[in-house]
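Here is a short briefing on one protein model. Look over the sequence and the structure before reading the points below.

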Amino acid sequence: MRIQGFMLAGVLTALGATDAWGRPPPPDDDPQIAEDERPAVEWSTWVRVAYGAAPAPTEARPRVTSPVGDPDTRDQGWEVAGGADLTLGIAKGGDLRIGPWIEARTSSDAVAGAEIMLTGSPKKLDMFWYAGEGVLIARVGGNRELRTGAVSYGYRAPWDLYGSRASKKHYMIGVRLVASWTRAVDDPRLWSATLGVETEPVGALRYLLGIRSWY
């Protein structure tokens with residue numbers, strides 16, 4: 001829990017402590033991608049910090065055939081995760097995208113699955129001195145022991161790592177609010193739900209420190 005607390009503090013600092021550190025300069029060129037320049041492949045990494053709840057363990061009592069517990073009792077705690085995804089445009093000029101994702105998390109073994117992404121919602125959304133767009137993402141997946149899903153909405157923008165905005169692939173940065181659920185495969189009564197923030201970590205660090213060479 002102490003390590004998770006440090007990680008939480010770091011993410012929150014990256015998202016909200018810009019007044020103390022100063023805002024970085026805007027990039028020289030507007031990196032927004034023109035409609036006819038949408039790349040075939042977009043990929044990203046993220047760090048997620050979330051707080052959630054799960055049913056508290058119940059315990060069997062003598063001569064009682066079913067577990068006894070307070071249905072309103074919940075176990076609560078933090079979850080930290082890191083993941084990556086890759087998407088391909090399938091419709092609407094690349095605004096509708098699908099692809100695989102994978103995530104390692106503190107609450108379970110690693111999970112993987114598929115996602116569908118609707119970008120351009122809205123078409124232009126400027127945050128962190130960087131022109132971007134709104135994005136809605138739905139994920140489903142799991143592993144041998146559990147099934148999981150998540151819905152997120154937020155901001156994203158291309159980070160031109162390869163020197164050309166017309167590249168066939170783009171690395172994407174951004175920040176999103178995300179709600180997730182998880183349940184055990186062998187017992188649907190074992191479940192959890194979380195609400196948190198998901199952000200691309202290097203982009204957040206770049207903004208916090210105002211490192212112009214990273215723009």
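Three cavities of 30 Å³ or more turn up in a search of the whole structure. The model is a predicted one. The second largest cavity holds about 110 Å³ of space.

**Second largest cavity**
- Its lining counts 14 residues, and Ser44, Met117, Arg156, Met172 and Arg176 are the closest to the cavity centre.
- Two or more lining residues come from each of strand 1 (41–55), strand 2 (74–91), strand 6 (130–142) and strand 8.
- Strand 8 gives the largest share of this lining, with four residues.
- By type, the lining splits into six nonpolar, five charged and three polar residues.

**Nonpolar core**
- The largest nonpolar core has six residues: Tyr155, Ala157, Trp159, Tyr171, Ile173 and Val175.
- Strand 7 (146–159) and strand 8 (169–184) each supply at least two residues of this core.
- In soluble globular proteins, nonpolar side chains tend to be buried together.

**Fold layout**
- The protein chain has three helices and nine strands.
- Read from the N terminus, the order of elements is α-α-β-β-β-β-β-β-β-β-β-α.
- Take the contacts between residues at least 6 apart in sequence: 61% of them join residues at least 24 apart.

**Burial and surface**
- Of the 215 residues in the protein chain, 40% are buried.

Methods: Residues numbered from 1 in each chain as written. Predicted model: local features only at pLDDT ≥ 70, side-chain atom pairs only at ≥ 80, totals over all residues. Heavy atoms only, no water. Core = buried A, V, L, I, M, F, W, Y, C linked by side-chain atoms within 4.5 Å. Buried < 20%, exposed > 50% of the residue type's maximum accessible area, 1.4 Å probe, protein only. Contact = heavy atoms within 4.5 Å. 1 Å grid on protein atoms, 1.4 Å probe; cavity = no way out; pocket = protein on both sides within 12 Å on 5 of 7 lines; lining within 4 Å. Points joined across faces, edges and corners; volume = space filled by probe spheres on them. Nonpolar A, V, L, I, M, F, W, Y, C, P; charged D, E, K, R; others polar.
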